[in-house]
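Me: I would like to learn how to read the helices and strands of this structure. Please take me through them one feature at a time.

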Amino acid sequence: MDLLPFPIDAPRRLLVAFSGGRDSTALLHRLATTRDAPWTGLRAVHVDHGWRPEAPAWARHCGDVAAALGVELAVHRVAVKRHGDGPEGAARAARWAAFAAERRADGSGWQRPRRAFGRDGRLKL
C-alpha cells in the first residue's frame, strides 16, 4: 500500500479511529510501521458505544493490537443520546465528541486523518 505525500502544512501528530476491525487495524499498522514517517506522534482512539456485551473484550483486543504496534490507545466509553438522526447518527455524534475530547485533553494539535482509504486502496491523509 502506497502512502500519498504528506501535506507540508498537516499537523505532525495523528489521532486515528480504531474500531479493531480489519480496515482500522490495517490503517493503524500501516501508520505505525511507516519508515521515516513525517508525523511525530500517533495515537489510536477506540470508542465503546456500550451497545454490545462483548464491548469490553473488544476494547481489550484493541489495546493488545495497539500495544503490539507500540501505539498509545485511548478508550472512550460514550453514552449515545438518540436524536433525530437515528441510532447511527447518534453514535457518530458520540464518536466525534470523543475525538474532540481527546484533542482538547492533549491541547497540541492532534488531528485525525480526514480520509482513510480511497477507492484505489491507497491511504489518504
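**Reading the fold**

Reply: The buried residues of α2 pack against α1, β2 and β3, where contact means heavy atoms within 4.5 Å. Helices (H or I, at least four residues) and strands (E, at least two) are DSSP runs, numbered from the N terminus. This is a predicted model, in which local features need pLDDT of at least 70 and side-chain atom pairs count only at pLDDT 80 or more, while totals for chains, interfaces and linings use all residues. Residues are numbered from 1 along each chain as its sequence is written, and side-chain values use heavy atoms, with hydrogens and water left out.

Me: Which residues of α2 are buried?

Reply: Buried means under 20% relative accessible area, exposed over 50%, and partly exposed in between, using a 1.4 Å probe and protein chains only. In α2, the buried residues are Ala-55, Ala-59, Cys-62, Val-65 and Ala-66. Seen down the axis of α2, these fall within an arc of 120 degrees, so they line one face of the helix. The arc is taken from the directions from the helix axis to the C-beta atoms. Arg-60, Asp-64, Ala-67 and Ala-68 are exposed, on the face of α2 turned away from its buried side.

Me: How many residues does α2 have, and what span do they reach?

Reply: The expected span of a helix is 1.5 Å times one less than its number of residues. α2 has 15 residues and reaches 21 Å from its first C-alpha to its last, close to the expected 21 Å. Just after α2, Gly-70 takes a positive phi of about 75 degrees.

Me: What does α1 pack against?

Reply: Helix α1 covers residues 22-32, and its buried residues are Ser-24, Leu-27, Leu-28 and Leu-31. They cover an arc of only 95 degrees around the axis, which puts them on the same side of α1. Their packing partners are β1 (13-17), β2 (41-48) and α2 (55-69).

Me: In what order do the strands lie in the sheet?

Reply: Two strands pair if DSSP finds at least two bridges between them. Here three strands form an open sheet in the order β1-β2-β3, with parallel pairing. β1 and β3 (72-77) stand at the edges with a single partner strand each, so one side of each is left without a neighbour in the sheet. From one strand to the next, the twist averages 25 degrees. Axes are lines fitted to C-alpha atoms, for helices over the stretch in contact, and angles run from 0 to 180 degrees between N-to-C directions.

Me: How many bridges join β1 and β2?

Reply: β1 and β2 pair over five bridges, and Leu-14 stands opposite Leu-42 in β2. β2 and β3 pair over six bridges. Val-45 stands opposite Ala-74 in β3, and His-46 has Val-75 of β3 as its bridge partner. The chain crosses from β2 through α2 to β3 in a right-handed β-α-β crossover. Right-handed means that, with the strands pointing away from the viewer, the path from the first strand over the helix to the second runs clockwise. β1, α1 and β2 also make a right-handed β-α-β unit. As for direction, α2 lies across β2 and β3 and runs at about 165 degrees to β3.

Me: Is Ala-94 buried or exposed?

Reply: Ala-94 lies in helix α3 (residues 86-106) and counts as buried at 10% relative accessibility. Leaving aside neighbours within four places in sequence, Ala-94 is in contact with Val-78 and Val-80.
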